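Me: I would like to learn how to read a structure feature by feature. Could you take me through this one?

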Amino acid sequence: MLIALTCKLFAWGLYTVFALGYRNVRVGRHVAVLNRDEITIMQMYFFISYHLYATVLATTKWSILAMYYRMFPTRFMRWSTLAIGLVVTAWWLACIFVSVFGCHPIRRNWDPFVEGWCIDNVKGFIGKAVPNFTTDFVMLALPIMEVRKLHMKTTQKIALGTVFLTGGLGCAASIVRFAQIRELSKDNADPSCERPTVPTPD
């Protein structure tokens, strides 16, 4: 319950950040028409959103794993949910670390006019996205294995399995999002205009 509530709070935080960004920076205009202050503020909103988005994903996965842990009290499921939970935690910490220290100095994350360097956007995105949708698929498969062991009619198993398989829509969306953002990340020259179509670039 606490994890689900935390997830909702961060989700609203993410929404608020983007709402403020659209209002204050007028995201959607070409970067060429923005002044230095507007670009810096825009990048600051993006920088904050990276951390919120990763946290929303992680807390969502934790809440689902907690549900599995309570719903299927078998040894296999408990060890599996704990193991995946640790992987998700490691992924979340890695996302935060890369988002903060991906540029040197750190200020360059939101102020591109500062001298320094940043890691390659495409490689950084792939490194964070692949573990994300991989854990999605693993979490999708876990309950199906347990449903097969339940003592109920085949039709009931199919119905219950279908409920869990609806999560496959989220997995499909992750793959589509991965392909789209990978293309956008290759040419990041106009982030204020391109990113609003897919506003979560990690």
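Me: What share of the residues of the chain count as buried?

Reply: Happy to start there. Buried means under 20% relative accessible area, exposed means over 50%, and partly exposed is in between, with a 1.4 Å probe and protein chains only. By that rule, 39% of the 202 residues of the chain are buried. Before going on, note that this is a predicted model, in which local features need pLDDT of at least 70, side-chain atom pairs count only at pLDDT 80 or more, and totals for chains, interfaces and linings use all residues. Residues are numbered from 1 along each chain as its sequence is written, and side-chain values use heavy atoms, leaving out hydrogens and water.

Me: How many helices and strands does the chain have?

Reply: Helices are DSSP runs of H or I with at least four residues, strands are runs of E with at least two, and both are numbered from the N terminus. Here there are seven helices and two strands. Along the sequence they follow the pattern α-α-α-β-β-α-α-α-α.

Me: What part of the contacts comes from residues 24 or more positions apart?

Reply: Contact means heavy atoms within 4.5 Å. Among contacts in the chain with a separation of 6 or more, residues 24 or more positions apart account for 70%.

Me: At what angle do α3 and α4 pack?

Reply: Helix α3 (residues 75–101) and helix α4 (residues 121–147) pack at about 165 degrees, and their axes are 11 Å apart. Angles under 35 degrees count as roughly parallel, over 145 as roughly antiparallel, 65 to 115 as roughly perpendicular, and the rest as oblique. The pair α3 and α4 is therefore roughly antiparallel.

Me: Is the crossing of α3 and α4 left-handed or right-handed?

Reply: A crossing is left-handed if the near helix is turned anticlockwise from the far one by less than a right angle, and right-handed if clockwise. For α3 and α4 the crossing is left-handed.

Me: Which residues of α3 and α4 meet?

Reply: From α3 they include Ile84, Val88, Trp91, Cys95 and Ser99, and from α4 they include Asn132, Thr135, Met139 and Leu142. The residues of this contact divide into 13 nonpolar, four polar and two charged. For these classes, Ala, Val, Leu, Ile, Met, Phe, Trp, Tyr, Cys and Pro count as nonpolar, Asp, Glu, Lys and Arg as charged, and the others, Gly among them, as polar. Cysteine 95 is buried, at 2% relative accessibility.

Me: How do α2 and α3 pack?

Reply: Their angle is about 175 degrees, with the axes 10 Å apart. Helices α2 and α3 are therefore roughly antiparallel to each other. Their contact has 18 nonpolar, six polar and two charged residues.

Me: Is lysine 61 buried or exposed?

Reply: Lysine 61 is buried, at a relative accessible area of 4%. Its place is in helix α2 (residues 36–71). Not counting residues up to four places away in sequence, lysine 61 touches Val88, Asn132, Thr135, Asp136 and Met139.

Me: What does histidine 51 touch?

Reply: Leaving aside residues up to four places away in sequence, histidine 51 touches Ile96, Ser99 and Val100. Histidine 51 is in helix α2 and counts as buried at 16% relative accessibility. Histidine 51 and serine 99 are 48 residues apart in sequence, yet 7.3 Å apart in space, C-alpha to C-alpha.

Me: Which cysteines does a disulfide join?

Reply: A disulfide is a covalent bond between the sulfur atoms of two cysteines. The rule used here asks for a pair of cysteine sulfur atoms within 2.5 Å, and the count comes to one disulfide. The bond joins cysteine 103 to cysteine 118, with S to S 1.9 Å. This link is right-handed, with 110 degrees about the S-S bond. Cysteine 103 lies in strand β1 (residues 103–104) and cysteine 118 in strand β2 (residues 117–118), so the pair ties together parts that are 15 residues apart in sequence. Cysteine 103 is buried at 9% relative accessibility, while cysteine 118 is partly exposed at 36%.

Me: Where does proline 105 lie?

Reply: Proline 105 is in the loop between β1 and β2. A cis peptide bond joins histidine 104 and proline 105, with omega about 0 degrees. Valine 114 lies in the loop between β1 and β2, and touches Pro105, Arg107 and Arg108, not counting residues up to four places away in sequence.

Terms used: Axes are lines fitted to C-alpha atoms, for helices over the stretch in contact, and angles run from 0 to 180 degrees between N-to-C directions.
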